[in-house]
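Hello,

Here is the structure you were going to look at. Please open it first, then read my notes below.

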Amino acid sequence: MEKFKKPFLLLLSAGIMAACSQEKKIEGNPEIYAEANDYHQKSLDLREEILELEKQVKEAGIDYSELKDQLKTWDKDIIEVPGYEHSHDDHEGHDHEHGEAHEGHKERKYHVHNPSKPFSDAEHLDYQKVLYEEMVLIHGKFKRLLTPEVMESDSASTSKQ
């Protein structure tokens, strides 16, 4: 019995490794998913810009609590597009500086960790479009806070208090 145990375990582990290494089959139109991912990436680009804008707003002493709440909601709602998920394992075995992009991947400060939703390809596209439109509005509000006339009126109102 012992002489069959080792080959059986080797075959079993090889089968498990092969099953785990196969890519997930994603239902739907790859072109629609690609378009959804384009919207997703544009949303993330704006979200990363907001990271810097947030620092500027804080340094200027401007109250942005309403925008912070909108960002928290958006951060909870954003999901990755199936087939385009990022992996924290991407860096293993790569020799590059942190922040450097490597082929097919863009290094980001902002990462999405929310579970995907059981949407069709078209629903994923619509969802990413809506999230992008929301991010454009939030980004615009941050930019508006940093315009000189808003900064002056906000600092004047906080100094009166």
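**What I found**

Glutamate 107 counts as buried because its relative accessibility is 18%; buried means under 20% relative accessible area, exposed over 50%, and partly exposed in between, with a 1.4 Å probe and protein chains only. Glutamate 107 sits in the loop between helix H3 (65-77) and helix H4 (121-145). Its C-alpha lies 9.9 Å from that of histidine 86, and the two residues are 21 apart in sequence.

A word on the source. This is a predicted model, where local features need pLDDT of at least 70 and side-chain atom pairs count only at pLDDT 80 or more, while totals for chains, interfaces and linings use all residues. Residues are numbered from 1 along each chain as its sequence is written, and side-chain values use heavy atoms, with hydrogens and water left out.

**The whole chain**

The chain has five helices and zero strands. Both are DSSP runs, numbered from the N terminus: helices are H or I with at least four residues, strands are E with at least two. From the N terminus, the order is α-α-α-α-α. Of the 161 residues, 27% are buried. Take the contacts (heavy atoms within 4.5 Å) between residues at least 6 apart in sequence: 83% of them join residues at least 24 apart. The accessible surface is about 11,600 Å², and carbon and sulfur atoms account for 54% of that. Such areas come from the Shrake-Rupley method with a 1.4 Å probe; for residues, only the protein chains shown count as cover.

**Helix H2**

H2 has 30 residues and spans 44 Å from first C-alpha to last, close to the 44 Å expected at 1.5 Å a residue. The expected span is 1.5 Å times one less than the number of residues. What caps the N-terminal end of H2? Asparagine 29 does, with a side-chain oxygen 2.8 Å from the backbone nitrogen of glutamate 31. Just after H2, glycine 61 has a positive phi of about 70°.

Arginine 47 is in H2. Is arginine 47 buried or exposed? It counts as buried, because its relative accessibility is 5%. Its side chain makes a polar contact of 2.9 Å with that of aspartate 75. A polar contact is a pair of N or O atoms within 3.5 Å; within protein, one must be able to donate a hydrogen and the other to accept it, and residues adjacent in sequence count only if both atoms are side-chain atoms. Beyond four places in sequence, the contacts of arginine 47 include Trp74, Tyr110 and Met135.

Valine 57 is also in H2 (residues 30-59). Valine 57 counts as buried because its relative accessibility is 0%. Among the residues it touches, beyond four places in sequence, are Ile62, Tyr64 and Phe142.

**Helix H4**

H4 has 25 residues and reaches 36 Å, first C-alpha to last, close to the 36 Å expected at 1.5 Å a residue. Its buried residues include Met135, Phe142 and Leu145.

**Aromatic pairs**

How many aromatic pairs does the whole structure hold? The search finds three. Rings of Phe, Tyr and Trp (its six-membered ring) pair if their centres lie within 6.5 Å; planes under 30 degrees apart are stacked, over 60 edge-to-face, the rest tilted. The rings of tyrosine 39 and tyrosine 132 have centres 5.7 Å apart and planes at 65°, so this pair is edge-to-face. It links distant parts of the chain: tyrosine 39 is in H2, tyrosine 132 in H4, 93 residues apart.

Best wishes
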